[in-house]
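Hi,

Here is the model I promised to pass on.

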Amino acid sequence: FYTFNTPLGPSIGSDNAMYLTLGTALARGCAPYTQIFDHKGPMLYLLQMLPQLFSGGYSTLAVFIQQVIALFLCLRVVSRIARTLGAYSGVTQLFYLALIGSLVGGGNLTEEYASLPTLLGAYAALRVFLQPDWTKRLFAPALLMGACTMAAFLLRANNALPLAALTLSFICCAGLFALAAPLQILLLQNAKGGEMLGAAGLALCALPVVIWLAARGALRAAWYGAIIHNMRYAETGGTGRVAMLLHSRYGLAAMLMAALACLGALALRKKSPMLALGMVAAAAAGVLAAFLSRKFYDHYLILGAPMAVLGMAAALAAIQKPRVRAVSAIVLTCFCALWLGINGHAANQTRLSERADWAQFTADAQTLMAQVPQDERDRFMAYRVEPRWYVAAEALPCMRFYFLQEVLAQADPAVMDEIVQTFETDPPRWLVIYYNRAFNPPYDARVAAIFETNYEFVDAAGQYQLLRLKEGLPCEPNS
């Protein structure tokens, strides 16, 4: 299912291609947000930089290894959750794989990486609140849940919603004083000093990231990208949320996962009413996270998967009769295996179809890039191209808004103003454009006029043109 980076022949994908470019640029010294931009959290920047830092750049294999490690750790936590509840470990892991496999869409996504801290936070809650003397056992879980909530938040703000809801429900139910804010959710302890542990967990995760951003001069830009632009971008879709919830497969899947979490809460209501209430709150937050954006991509549904798995394991463990429990586990195993097989075949067929033109696409991209002198490649830009073009050409952009420029500007027109200003005052010397395509939204009129007036044709390959800045323009640095 990790078709975008598989060693069997990656299909690259769209978001994954942007992240490959992002990670490579960071590994080669670019500053986050200010020199290379995406409206995700800073933790994603670090996760994309890490594999490229060790591989030299544009390595799909390094990303694939990172994905496998993250999935392995998730499965280990799922196994611990199942054993804590008294459910079958292997069946629960298979169920988690079936859920993720059908939603991951090629992989290397914020929601995929957010599953690990969410599962860890849920496991910490189980270890505490299934114990009769849980008020004496909040020392380590407060630290862990604070750190996990912050880790999910730093990947993307809405990714933290399910775990934040689970944590906050415990605060309210325990009658403890809490201060809850988008960047601070504290799990407090009845015992002395417990309130400091939740805050310490948050700080433990956030402080190194904040220091890194400050060192790169990107704190203010990170706030704009990860919070302001991210929230504005979420509102740029056209489909209504209620219509999607009630009349689409997407909405049905979101409600099904929430129902599984609630089913588990029902099974645990007598053992731990607080845990049951927390699971219901987390299930509702998972649906909210899936519908916070009007884009409604399938991978947003991954945010509800941890609570769905927890609910399914609790429901399976609650079956009293051993024979009925065993039969239920067998039926669930067969269904999950069949589901994985069907979706796996479909994912592979999609991978093969997307790779059909990859060799020619790469050859065309490298043909154009070869004409850009090495000493001028720091003034190169590919504008509104397919994101995989950068990967094929192994090129890096000289402007921070390097993909879907007019799309990003729909969320904030100031983005396009900055792009136009850059083209007027410090333009790329070399430019690649996708010339044989009707865009939606179309080119900004100011940008189209600059391309027509200030650049001259050099070469074409496939559906892409290479342009060069005309000599002697007022905006040309050497003029």
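One definition before the notes: Ala, Val, Leu, Ile, Met, Phe, Trp, Tyr, Cys and Pro count as nonpolar, Asp, Glu, Lys and Arg as charged, and the others, Gly among them, as polar. Also, please keep in mind that this is a predicted model.

With those classes, the lining of the largest pocket comes out as 19 nonpolar, 14 polar and 12 charged residues. The largest pocket holds about 1,100 Å³ of space. Its lining has 45 residues, and the ones closest to the centre are Phe 4, Gly 13, Ser 14, Asp 15 and Tyr 297. Which helices contribute at least two residues each to that lining? They are H1 (15–27), H4 (89–103), H5 (110–129), H14 (322–354) and H17 (405–411). H14 has the largest share, with 4 residues.

I found 4 cavities of 30 Å³ or more. The largest cavity has about 70 Å³ of space, and its lining is made of Ala 254, Met 257, Ala 258, Ala 261, Ala 283, Gly 286, Val 287, Ala 290, Leu 301, Gly 304 and Met 307. Helix H11 (249–268) and helix H12 (273–291) are the elements that give two or more residues to it. By class, this lining splits into 9 nonpolar, 2 polar and no charged residues.

The second largest cavity has a volume of about 60 Å³. Around it sit Tyr 2, Gln 67, Ala 70, Leu 71, Cys 74, Tyr 96, Ile 100, Glu 112 and Ser 115. Helix H3 (60–85) gives the most to this lining, with 4 residues, while H4 and H5 are also among the helices that supply at least two each. The class count here is 6 nonpolar, 2 polar and 1 charged.

Next, a helix pair to look at. The axes of H2 (residues 42–55) and H6 (residues 139–155) come within 5 Å and cross at roughly 80 degrees. An angle from 65 to 115 degrees counts as roughly perpendicular, so that is the relation of H2 to H6. Pro 42, Met 43, Leu 44 and Leu 47 of H2 make the contact with Ala 151, Leu 154 and Leu 155 of H6. That contact has 7 nonpolar residues, with no polar and no charged ones.

Then there is the sheet. It is an open one of 4 strands, ordered E3-E4-E6-E5, with mixed pairing. Which strands are at the edges? E3 (380–383) and E5 are, each pairing on one side only. Neighbouring strands are turned by 25 degrees against each other on average, direction ignored.

Within the sheet, E5 (residues 455–461) and E6 (residues 464–469) pair in the antiparallel sense over 6 bridges. Helix H19 (residues 445–454) lies across E3, E4 (430–434), E5 and E6, and runs at about 90 degrees to E5.

That's what I have for now.

Cheers

Technical notes
Residues numbered from 1 in each chain as written. Predicted model: local features only at pLDDT ≥ 70, side-chain atom pairs only at ≥ 80, totals over all residues. Heavy atoms only, no water. 1 Å grid on protein atoms, 1.4 Å probe; cavity = no way out; pocket = protein on both sides within 12 Å on 5 of 7 lines; lining within 4 Å. Points joined across faces, edges and corners; volume = space filled by probe spheres on them. Pairing = 2+ DSSP bridges. Axes fitted to C-alpha atoms, helices over the stretch in contact; angles between N-to-C directions. Parallel < 35°, antiparallel > 145°, perpendicular 65-115°, else oblique. Contact = heavy atoms within 4.5 Å.
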